[in-house]
Amino acid sequence: IICSVNSRKWMQARFSYLHMKYLFFSWLAVFVGSWIVYVRYSSYTELCRGHDCKNSICDKYRKGVIDGTACSSLCEKETLYLEKCFTAKPNNQVYSGNWGDLQGVIKCQMEEAPHYDLGGEMEPRKEAAPVAFNKPTKGTSVEKFREMIISHLKAKVGDQANLADLATQVLSFTDSNKDGHISLPEARSTWALLQLNEFLLALVLQERDHTPKLLGFCGDLYMMEKVPYSPLYGISLPWIVELWIPAGLRRSMEQWFTPSWPHKAKISIGLLELVEDIFHGTYGSFLMCDVRTTTFGYNERYDFKVVDARYIIPEATFQERFRQQRCNVDEDCLYGTDCLTSCDLTKHRCTPEVTRPNLAKVCDTLKNYIVRGAPSDLSDELEKQLYACMALKGSAEQMEIEHSLILNNLKTLLWKKISHTKDS
């Protein structure tokens with residue numbers, strides 16, 4: 001009897017212990033889950049400020065400060081509207097959008113949300129100044145505006161021979177309603193857009209198919225053609241799923257969701273052609289400072305497209321900026337994720353020349369993309385060419401000749417394999 005009573009008490013104590021343990025872990029799970037949801041929601045509300053951006057742009061439009069092809073649809077007819085938020089930085093709002101039958105990506109520049117220092121006075125600190133839309137000034141003639149454009153382009157891309165032609169294209173673009181006259185609000189919108197790397201690149205490469213087409217603009221808000229498939233390879237998963245997937249499995253999964261090898265070869269040729277176009281191109285050289293797979297994509301015909309061109313910048317602009325950049329180590333001389341120069345410790349200034357050219361960085365990205373699944377009779381030679389490409393250095397003598405040779409060899413190697421197929 002005594003044993004039975006003790007056994008019952010032990011069971012009751014154990015049940016109570018398990019019950020408390022279950023309650024504790026249930027409470028912990030609810031607490032952690034609620035905290036994660038709160039952090040994600042707070043991040044979303046701080047990042048995604050499309051409504052504020054639209055209100056700011058439309059307020060300036062109604063006051064006659066700015067004008068553009070998309071202003072009426074955005075602010076009056078409301079046939080252009082923002083949908084899903086893809087914003088990564090508060091001062092660069094990115095949304096999917098619809099404009100009648102057109103689908104695209106809407107980008108809007110704005111000042112970052114106020115930050116408060118709880119240890120000091122409760123005053124907001126602006127991280128980025130808003131665009132003032134105060135240039136050109138009232139009374140500026142079209143010829144004077146043209147001179148402003150040429151001077152700005154020269155500062156951006158260097159003293160190129162055909163800047164006058166590019167300025168003419170800019171003026172044609174500025175006349176948004178095609179009435180043969182350029183109004184002050186139209187000129188102010190174009191001037192704001194000219195400050196953006198992505199707009200400048202779209203302008204320079206408008207005759208090529210590598211950058212999405214500009215569909216419309218209002219102030220420095222603009223809508224680009226949608227790139228249906230992005231990133232270049234891999235899959236975008238919900239953040240809650242990402243938390244539980246090991247890095248090794250994640251890398252394997254990225255290879256599951258890629259097109260067939262001939263289609264990958266066509267996309268890769270497009271990326272190599274982009275490198276060719278911006279290396280000593282018509283309007284100087286541009287540097288690719290973010291070559292992650294998320295920066296690129298492709299369409300239904302497997303034509304390569306740039307998804308985010310904010311970090312493809314004119315080499316002249318980059319070099320001018322980095323000559324003034326103070327540094328203590330090489331890591332202080334990094335722009336974006338991939339444009340690194342060295343630190344001159346005698347002057348504590350960054351050197352202006354990047355350590356790796358565009359082609360070497362692109363080959364690094366393509367290595368895990370194009371070698372996997374390659375035909376057996378091509379695989380070894382392709383890998384050899386890619387490793388030679390990845391070894392290119394920005395400061396090597398005769399780098400330009402070597403750059404062109406490797407680029408042409410890679411394009412020829414891939415093209416020969418798919419030129420006779422329907423995939424070409």
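Analyst: This is a predicted model.

User: How many bridges pair E2 and E3, and in which sense do the strands pair?

Analyst: There are 8 bridges between E2 and E3 (residues 102–109), and the pairing is antiparallel. The two strands make a hairpin with 2 residues between them, and Gly 100 has a positive phi near 65 degrees there.

User: Which residue in E2 is the bridge partner of Leu 82?

Analyst: Leu 82 has Gly 97 as its partner in E2. Strand E1 (residues 80–85) runs antiparallel to E2, joined by 4 bridges. E1 and E2 also form a hairpin, here with 6 residues between them.

User: Is E2 mostly covered or uncovered?

Analyst: Buried here means under 20% relative accessible area. In E2 (residues 92–99), 8 of 8 residues are buried, so by that cut-off the strand is mostly covered. Asn 92, Val 94, Ser 96 and Asn 98 point one way, while Gln 93, Tyr 95, Gly 97 and Trp 99 point the other way.

User: Which residues touch the most other members of the largest nonpolar core?

Analyst: They are Trp 261, Met 288, Leu 359, Ile 370 and Leu 382, in a core of 68 residues. Helix H10 (residues 261–278) supplies the largest share, 9 residues. Domain 2 (50–113 + 121–225) and domain 3 (247–419) each give at least three residues to this core. A second, separate core has 19 residues, including Cys 58 and Tyr 61.

User: What does Ile 370 touch?

Analyst: Leaving out residues up to four places away in sequence, the contacts of Ile 370 include Trp 261, Leu 382 and Leu 414.

Definitions and conventions:
Residues numbered from 1 in each chain as written. Predicted model: local features only at pLDDT ≥ 70, side-chain atom pairs only at ≥ 80, totals over all residues. Heavy atoms only, no water. Core = buried A, V, L, I, M, F, W, Y, C linked by side-chain atoms within 4.5 Å. Buried < 20%, exposed > 50% of the residue type's maximum accessible area, 1.4 Å probe, protein only. Domains from an automatic or database assignment. Contact = heavy atoms within 4.5 Å. Pairing = 2+ DSSP bridges.
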